[in-house]
Amino acid sequence: MKKERILTIVFCSFILIFSVLTLLLPKKASSANEKRVLATFPEATFKTITDGSFMSGFDTYVADHFAFREKWVGAYSYARLAVGLNGASGIYSGKDGYLIAAPADFDEAHALANINRILQFSQDTGADCTLMVVPQTGYIMSDKLPKVHKDYYDDFLLDKMPTGYDNFTFIDLRETFKANKDKEQLYYKTDHHITSAGALLLYQAFCDKEGLTPETFTSSRTIDGFYGTSYAKSGLWLKKPDTIDIYECQKPSKYSVTIGDEEYGSLFFEDKAQSDDKYEVFLNGNHPLTVIHNDTNENGKKLLIIKDSYSHCFATMLAENYEEIILVDLRYYRDSIKDLLEENEITDVLFLYGAENLATSTDFGWLNY
Amino acid sequence: MIFSSITFLFFFLVITLAVYYLLPRKFKNGWLLLTSLFFYGYGEPVYILLMVFSITVNYIVGLLMAKYEKKKKLFLIIGIIINLLLLGYFKYIGFFTGIINTFFSNVAVKTVALPIGISFYTFQIMSYLIDLYRGKCTVQKNIVMFGTYVTMFPQLIAGPIVRYRDIELQLQNRKETFEMFSNGVRLFVIGLCKKVLIANNMGALFDALVAEGDASGIPGHIVAMFAFSFQIYFDFSGYSDMARGLGNMFGFSFLENFNYPYVSQSITEFWRRWHMSLSTWFKEYVYIPLGGNRKGAARQILNIMIVWALTGLWHGASWNFVLWGLYYGILLIIEKLFLKKVLERSPRFLRHIYAMVIVMLGWMLFQFTDMTELTAFFHGLFTGGFGVSNNAMYEIVTYIPLLVIAAFASLPVAKNLWVKHKDNKAMPYIETALVIFALVLCTAALVTSTYNPFLYFRF
């Protein structure tokens, strides 16, 4: 080949090959890693073309379906890591395969306002309110973080908790977590959630506060090949997956779980073990309202948990001690919480959040609705 | 459409190139015009009409100037006024009504979406009209060819500002060769890397440090200035490189627009190396007609200040750009008056530091269109502490390798190596490997920028 032709041929082949492959390869409807539906081909009408929405739709379409899209993402993620940009995706690549979420942007006033809304709720309703906050992975597993990283604000947030109220208690989990972090794996390596071992610490701490007798939970089975949200965000596709360890009580009760109009007979959704987000094996993932009824335990105890997904694994344990647990996710639940309390004659409320969600959530306004 | 997008690289360019090379010679310009109009209208379709209007009007003005030799000055003035009115309306109406509004509050501030590239193509058109008047080029009687000149997508939205007379012959008669195309690939890929791999990341560093505010301390503010200086250089010169590379692929050669401006040892030198097509334009079509340096020192100083106020304003419709232009006007005058002689006797590294400090401070004037943000930045830069918050330190440390890469890439190190070894037998292989590597990295970066993991999707 003549010398001066090489670059021309290389360049033209490169752009031609990937444009043809992008057009010809079968299109996926959704992206498992991004947890979203991928763009469909935009509709070409006079209106969409003249107002430009066809063009922006086309841009999104080819970007969403570009040939070997996730391989490219992986390549760039490793390239960034290679030049020292550890955390540019919002995820630190830490020691021992840990992928740890970088602390999100933190607005002091907003975080304190969120805590105040919870306190206000306890004062308005008179319910016995407990707040448990799961520290961020990076705060507890700080020895797994890369040397330079941003500050985690857990201490700032959790040191500000209001004290001296009869019906508002904050359970501080920091010391428990720090004391146990080297004994067991408390956090997943590829996901932001706590493991069953971590959830068990929450369970024990909550039982302790409520004066409940904690049951004994042991590992009953495992689900391999769990790639969580940190993995998806990081683009570091060569990292090893986690194993989800499901803990169950020695002699488990019978449950009915109601989600929307559906009723299920188990706390664990085994079919999710084959799905993209295996963490949904616990209580089937995020829903506005989930009701767990313990058919074996008729002690009449009821609890409302206002929560994010950190609670899902924990709730499968606590269900043993309550006749009924209602879980509400403020991100999606749009009815009055106060009505919910009254209708179900509930007097105990647990707020259970990951520190990041507690600090940054914009949904606490719905509490007083 | 922008060059650094999947749509451009893998769809627009593929089709445009393929059809261009399949068409017979006489349709090539028409195809370029068509695709350029498509390229232009892709983001804001209605402005195709504005573009067609501009082309037609200026084409006719050119014909009239050629036909009525005695009245050509009148037609030139009419042409210039029409172009400046269009530019004034679409780019500066918000700025002007804003000024009027401060004095007479009953005038509403009007805003219009800026047609991309209007500053560039307006200047190109004016170079045609003025050169035609001066007899430096001949009239273009073919509207397709004229339209191709005005809209040609490689230089349409971010320059370089190509004078009509520089490509007059190429429009009519050019020969595409493998050598030229390969050279175009070289330039395009370099430009793409500058934009996608360096400029975008430097922009992220700058934004992160500015967001840290005073907590980043004096060191953080200094690194932020470096980051922005790299961002704007690699962004702009990268775009120019891509433009020149694409031009080559279609058989055109445009003049160089950046010549390693960050090696400059004076401000005068900097402006001979930075955005050369703009400085040349202002020199040729504003400074010299105003009398340049031929009407005495006082008049020269006035001329310089006029040119630089306009240069500033050309960059954006906001006071900080005027300020930025005047800043350079004053510095250039000071250098002309006495500093040049002082500099000549100073050691090389001092001259370099002097020039870069001026340039970097200047970029901050350029960057912050909001005066409160600008003063906040300078406040942090000059009165902040030496302590750097952990979060700012994280940003700085993680970006050190890229900052070093950017520093080397802004110096002619690689170019010198290339010049020295380009005849080496292994060079074509090394070069090919580098081009493939660069294309893969840039594609990966472009794809990643659209990768958008969404945590809670269910509702």
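Predicted model: local features only at pLDDT ≥ 70, side-chain atom pairs only at ≥ 80, totals over all residues.

Colleague: Nice. How many helices and strands does chain A have?
Modeller: Chain A has 13 helices and 14 strands. Its C-alpha trace spans about 85 × 50 × 45 Å along the principal axes.

Colleague: And what percentage of its residues count as buried?
Modeller: Of the 369 residues in chain A, 41% count as buried. As for contacts between residues at least 6 apart in sequence, 71% join residues at least 24 apart.

Colleague: Switching to the interface, how many residues of chain A are in contact with chain B?
Modeller: There are 49 from chain A, in contact with 49 of chain B. Helices H1, H2, H3, H4 and H10 of chain A each give two or more residues to that side.

Colleague: Which element gives the largest share?
Modeller: That's H1(A), with 11 residues. By type, the chain A side divides into 24 nonpolar, 13 polar and 12 charged residues.

Colleague: OK, now the helix pair. At what angle do H9(A) and H11(A) pack?
Modeller: About 55°, with their axes 9 Å apart. The two helices are therefore oblique to each other, and their crossing is right-handed.

Colleague: Which residues make that contact?
Modeller: H9(A) contributes A:Ser196, A:Ala199, A:Leu200, A:Leu202, A:Tyr203 and A:Phe206. From H11(A) come A:Cys313, A:Phe314, A:Met317 and A:Leu318.

Colleague: How do those divide by type?
Modeller: Into 9 nonpolar, 1 polar and no charged residues.

Notes:
Residues numbered from 1 in each chain as written. Chains lettered and ligands numbered in written order. Axes fitted to C-alpha atoms, helices over the stretch in contact; angles between N-to-C directions. Helix = DSSP H or I, 4+ residues; strand = E, 2+ residues; numbered from the N terminus. Parallel < 35°, antiparallel > 145°, perpendicular 65-115°, else oblique. Left-handed = near helix turned anticlockwise from the far one by under 90°. Contact = placed C-beta atoms within 7 Å. Nonpolar A, V, L, I, M, F, W, Y, C, P; charged D, E, K, R; others polar. Buried ≥ 20, exposed ≤ 12 C-beta atoms within 10 Å, placed from the backbone.
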